[in-house]
Amino acid sequence: METPDVIVKGKDNGEGMVIHYKTTKGTDVFGLAIPNIYTHADWDLGPTWCYLIAGQKITLIDTGRIGNFEVFESLLKSTGKVFSDIDRIIITHSHEDHDGNLAEIISVAQAELWAHKIYRQMISYHPNIRDGATHPELPGSCRLCRMPESFYYENCVPYHRARSSLKIDVAIEDDQKLPDGDLNFLFTPGHSPDALCIILDEEVIFTGDTLLPGITSHPSLAYDFKVNHLILPEEYGQKNEIYGLMNYIKSLTKIARLASQPLKATLPAHRLFYNGRFNLLDSSERAKEVIHFHIDRCRDVLRIVDGKPAGIEDIVVQHFPPSRLSGTGKTLAKNEIRAHLEIMEACGDICWTGENQELVQRTGSENYLDIIGAYSRSS
Ligand SMILES: [Zn+2]
């Protein structure tokens, strides 16, 4: 991918930056880096990159973290557009750093809202379905919220309310091609059950959080399916094909094997620009790299429990450097290890032992290698 033009120079982590990329067909694409700061963060993910496609129709992909409406408006101005120019807004997934500001922007823009069909269930409330939800009072996307309560009650409640009443104009069906269009959708669940990648002119892939440079997005858990299956549209509630690391790996495989590879440009939702430089990706190579990263993580977990059963806490401490384990870092790290244990348990490589089934034990097999490896090898 060629280095995009910089229209507005932002901070060293990209925040406040505006970039421009022109496709071979001549479609203008702008990237707007919306601040992504929240009070409980112990590390800097960097801004959320939202993208404006100025084709026959004006399309906005994602609307950034809550509380940044004015910033968004001023960055948009530098592209020569205003909110009322936008015809449609596509949301890559139902996380607050991607569809924050959506209710405000959509009311000003009067644009259509496009999202995967599961998005409706993610933004709606389902208080009567509990099924082990730790927060049945929160919308579908947050029924298992693992953040401190003070965080979501301060920040998220007004956002959830406004979001829940939005009307979805176009509910995207899995891998969908627009009949008249230059946009294709790739359904890539795993990080979030409603995650989409968007392909423009068979040349640019907008990956949301599914594929990021330098970092790997945290996978959901297969367990989340048990809690949420009754809130899902019927065709997704029967068998888990949308939650957990294995489904995330299947989604990465889809990207690695795209028929139109190699795509010229990959535009992710975070880290496009970081530490003063661009991180330009080959989507296919990066997808394979991330699959291998997860294989290596499984291998290390097995090494840690080899010979002596260990609890999740022990595994986390032995696997991650201490710098990753302060504050919410520890919650995320535990979640990450759980996602890997789920795969290895399903493959028969580990089992649970101890008085309260709280310890992980090796069974001796390494089936995960064949099962995950099958995805990465055959591409
Ligand atoms: Zn994100």
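Two strands count as paired here if DSSP finds at least two bridges between them. With that in hand, here's a quick tour of this predicted model.

- Where they meet, 16 residues of domain 1 are in contact with 17 residues of domain 2.
- On the domain 1 side of that contact, you'll find 8 nonpolar, 5 polar and 3 charged residues.

**An open sheet**
- Four strands, in the order S9-S10-S11-S12, make up an open sheet with mixed pairing.
- Strand S9 (183–187) and strand S12 (265–268) are the edge strands, so each pairs on one side only.
- From one strand to the next, the twist averages 20°.
- In general, strands of a sheet pair through backbone hydrogen bonds, either parallel or antiparallel.
- Strand S10 (residues 196–200) and strand S11 (residues 204–208) run antiparallel, joined by 3 bridges.
- Leu200 has Val204, in S11, as its bridge partner.

**Helix H11**
- H11 covers residues 328–346, and at 1.5 Å a residue its 19 residues should span 27 Å; the end C-alpha atoms are 27 Å apart, so the two agree.
- Quite a few H11 residues are buried: Ala333, Glu336, Ile337, Ala339, His340, Leu341, Ile343 and Met344.
- Just after H11 comes Gly348, with a positive phi of about 85°.

Key
Residues are numbered from 1 along each chain as its sequence is written. This is a predicted model: local features need pLDDT of at least 70, side-chain atom pairs count only at pLDDT 80 or more; totals for chains, interfaces and linings use all residues. Helices (H or I, at least four residues) and strands (E, at least two) are DSSP runs, numbered from the N terminus. The expected span of a helix is 1.5 Å times one less than its number of residues. A residue is buried if 20 or more other C-beta atoms lie within 10 Å of its own, exposed if 12 or fewer, and partly exposed in between; C-beta atoms are placed from the backbone. Two residues are in contact if their C-beta atoms, placed from the backbone, lie within 7 Å. Ala, Val, Leu, Ile, Met, Phe, Trp, Tyr, Cys and Pro count as nonpolar, Asp, Glu, Lys and Arg as charged, and the others, Gly among them, as polar. Axes are lines fitted to C-alpha atoms, for helices over the stretch in contact, and angles run from 0 to 180 degrees between N-to-C directions.
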